[in-house]
Amino acid sequence: MKIGIHQTKGFFSERWIDYCKVNKIPYKLVNCYRNDIIKQLSDCDALMWHFHHAGPKDFLFAKQLLYSVHASGKAVFPDSNTMWHFDDKVGQKYLLESIRAPLVPSYVFYNKKEALAWARQTDFPKVFKLRGGAGSQNVKLAKTKRDAIKLIKRAFGSGFSQYAAWSNLKERIRKFKKGQSSLFDVAKGIIRLGYTTEFSRISGKERGYVYFQDFIPYNDHDIRVIIIDEKAFAMKRMVRENDFRASGSGSFLYEKKHFSESTIQLSFDMSNKLKGQCIAFDFVYDKGVPKVVEISYGFVKEVYDPCTGYWDKNLSWHAGSFNPYGWMVDMVLKEIEHSNG
């Protein structure tokens, strides 16, 4: 058995390679961007590629390549159940509604007239989101009907860039003041005021639809629970100061006491229905009841290194450090063994 791994600095692949080396698991470095990637995989039984939601190249073909490799009979990570909805909040709405997950009430419109009619009769505030973006990018609070109507008209008019330069610069400055980023990072944000990202240029404007969710008040944090191979670990993310957004805040808590077993069990239940290899569920609480905001398969690995333990599928707690990236490799190996009989 041999695993093909696309190596990207700072991504899961670094941990996959370390795990393979330590456990003497045969692997081969491949380059998914090359025209001959299928030929490169001819002597491999699997492909593992942690692609980036905002990678200008990944955006164009990563899901299609992984699906194609899987169709050939090889194991892949992430597989289709894990990745098709990645960085697509509108797709996640339909998926979570279809399994009757406790999704925060969500509204999508593909017609300007219908969207405006809804805005004139609904209550506020509402949370506006583009279908893509992580770390609370492309997320705004529509406090009033006037705010919502303005967003709707833009959504069906000039559209939205995938990269909001001013908002991004403000976030860089906020993190610099908290000691979470460098002055160089702020300088890059200033430069971006005049030069957008390659991903934003290639993907073009977001337009032709508008997406809102109910604003759930009285949450000073959200909870992220990640399920991999029937194991769960979690993180509590505090909201930014004078803001409502937690994702990307840089303020985290990890101790077991911060997480209810009911939320962990709910995450296991949804993961079983979705049949994904790796799914991160983001929760807020409505009068104590957990509500799903969105889901993902990718995350920044260093942020989760301080986790103090994990739960198994029986909700037994295993204290201490663990290696979720090794779990990913083990899942792929099990699929290869199953395919080979």
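This is a predicted model: local features need pLDDT of at least 70, side-chain atom pairs count only at pLDDT 80 or more; totals for chains, interfaces and linings use all residues.

Reader: Cis peptides first. What joins F77 and P78?

Author: The bond between F77 and P78 is cis, with omega at about -5°. P78 lies in the loop between β4 (75-77) and α4 (80-83).

Reader: And F124 and P125, what omega there?

Author: About 10°, and that peptide bond is cis too. P125 sits in the loop that runs between α6 (112-121) and β6 (126-129).

Reader: OK, phi then. What is the value for Y218?

Author: Y218 is not a glycine, yet its phi is positive, about 65°. The residue is in the loop between β8 (210-214) and β9 (221-228).

Reader: Is Y218 buried or exposed?

Author: Exposed: the relative accessible area of Y218 is 85%, and the cut-off for exposed is over 50%.

Reader: Where is D229?

Author: In the loop between β9 and β10 (231-238). D229 also has a positive phi, near 50°, and is a residue other than glycine.

Reader: Buried or exposed, for D229?

Author: Buried. Its relative accessibility is 17%, and D229 counts as buried because the limit is under 20%.

Reader: Change of topic. Which residues form the nonpolar patch on the surface?

Author: F59, L60 and I202. Together they have about 260 Å² of accessible area.

Reader: Now α11. How many residues does it have, and what does it reach end to end?

Author: Helix α11 covers residues 261-274, which is 14 residues. From its first C-alpha to its last it reaches 20 Å, close to the 20 Å expected at 1.5 Å a residue.

Reader: Which residues in α11 are buried?

Author: T263, I264, L266, S267, F268, M270, S271 and L274.

Reader: And what follows α11?

Author: K275, and its phi is positive, near 60°.

Terms used:
Residues are numbered from 1 along each chain as its sequence is written. Side-chain values use heavy atoms; hydrogens and water are left out. Helices (H or I, at least four residues) and strands (E, at least two) are DSSP runs, numbered from the N terminus. Buried means under 20% relative accessible area, exposed over 50%, partly exposed in between (1.4 Å probe, protein chains only). Patches are made of residues with over 30% relative accessible area and no salt bridge: like charges are joined within 9 Å, nonpolar side chains (Val, Leu, Ile, Met, Phe, Trp, Tyr) within 5 Å. Accessible areas come from the Shrake-Rupley method with a 1.4 Å probe; for residues, only the protein chains shown count as cover. A salt bridge is a side-chain nitrogen of Lys or Arg within 4 Å of a carboxyl oxygen of Asp or Glu. The expected span of a helix is 1.5 Å times one less than its number of residues.
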